[in-house]
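Student: Here is a model I would like to go through helix by helix. Could we start with the contacts?

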Amino acid sequence: TSVGVRGKDAVVAVVQKKIQDKLIDASSVTNLYYISENVACVMTGLVADGRNQVMRARAESAEFKYKNGYEMPIHVLARRIADINQVYTQSAEMRPLGCMMTLISYDCESGPCLFQIDPAGYYRGYRAISAGVKKTEALNILEKKLREKKAETLSKKETSLLAVETLCSVLGSDLKAGELEVCVADINGVKMLKENEREALINDLYESKQ
């Protein structure tokens, strides 16, 4: 399950990190990927399909930069990936990819941006979104929270805490730093938080609840 929240000056994506086998090296497992210098994504669903879509998105982004001389804007990338996904639904010999792509970025014109693309080729920009098994429960929590406080007023820290709190709530457990991945996009660029930074974020969440 993954959660994305867009605030006033940052957008945050949080995803549960599941290790299927104790023998697997945890550092080799991830659902967060860099697409370009200013765009990252969360893949939810089949891992192999997700990696395939990430590679295609990276290729499209690199080709755009080569032709135009600047980074591919997130809304252009989202539309392009959605168009490719839609083609997969047209022929019987091609199956749609079994994954959802959630894109985050900080755009110099639009500010923080959050997009989600489904296997059918449908894409939209969101203030907050979720994907995965607990999607419905997460959306209910996010709608309630953002009704109380508008997304446009959330600071970077508040946005991060809301995303982590929502994920912990729907999973019904207090996650440790090694059990989740966090990516933040703000005016300084896109950054995936290290374990000590995730630990500090979780501690801040517990302190805010007391």
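Student: Which residues in H3 meet which residues in H4?

Tutor: This is a predicted model, where local features need pLDDT of at least 70, side-chain atom pairs count only at pLDDT 80 or more, and totals for chains, interfaces and linings use all residues. Residues are numbered from 1 along each chain as its sequence is written, and side-chain values use heavy atoms, with hydrogens and water left out. Contact means heavy atoms within 4.5 Å, and helices (H or I, at least four residues) and strands (E, at least two) are DSSP runs numbered from the N terminus. On the H3 side are Glu-137, Ala-138, Ile-141, Leu-142, Lys-145 and Leu-146, and they meet Leu-162, Glu-165, Thr-166, Ser-169 and Val-170 in H4.

Student: At what angle do H3 and H4 pack, and what does that make H3 relative to H4?

Tutor: Axes are lines fitted to C-alpha atoms, for helices over the stretch in contact, and angles run from 0 to 180 degrees between N-to-C directions. H3 (residues 135-148) and H4 (residues 156-171) have axes 9 Å apart and an angle of about 140 degrees. Angles under 35 degrees count as roughly parallel, over 145 as roughly antiparallel, 65 to 115 as roughly perpendicular and the rest as oblique. H3 is therefore oblique to H4.

Student: Where H4 meets H5, which residues make the contact?

Tutor: The axes of H4 and H5 (residues 195-209) come within 10 Å and cross at roughly 85 degrees, so H4 is roughly perpendicular to H5. The contact uses Lys-157, Ser-160, Leu-161, Val-164 and Glu-165 of H4, together with Leu-201, Asp-204, Leu-205 and Lys-209 of H5.

Student: What is the handedness of the crossing of H1 and H2?

Tutor: H1 (residues 47-68) and H2 (residues 74-87) cross at roughly 130 degrees, their axes coming within 10 Å. A crossing is left-handed if the near helix is turned anticlockwise from the far one by less than a right angle, and right-handed if clockwise. The crossing of H1 and H2 is right-handed.

Student: Is Thr-159 buried or exposed?

Tutor: Thr-159 is found in H4, where it touches Val-5, Arg-6, Gly-7, Ala-10, Val-12 and Leu-154, not counting residues up to four places away in sequence. Buried means under 20% relative accessible area, exposed over 50%, partly exposed in between (1.4 Å probe, protein chains only). With a relative accessible area of 0%, Thr-159 is buried.

Student: Which residues does Gly-178 touch, not counting those up to four places away in sequence?

Tutor: Gly-178 is in the loop between H4 and strand E9 (180-186), and its relative accessible area of 37% makes it partly exposed. Its C-alpha atom is separated by 6.7 Å from that of Glu-195, 17 residues apart along the chain. Gly-178 touches Lys-17, Glu-195 and Arg-198.

Student: What is the radius of gyration of the protein?

Tutor: The radius is taken over C-alpha atoms, and the globule rule is 2.2 Å times the number of residues to the power 0.38. With 210 residues, a compact globule would come out near 17 Å, which agrees with the protein's own value of 17 Å.
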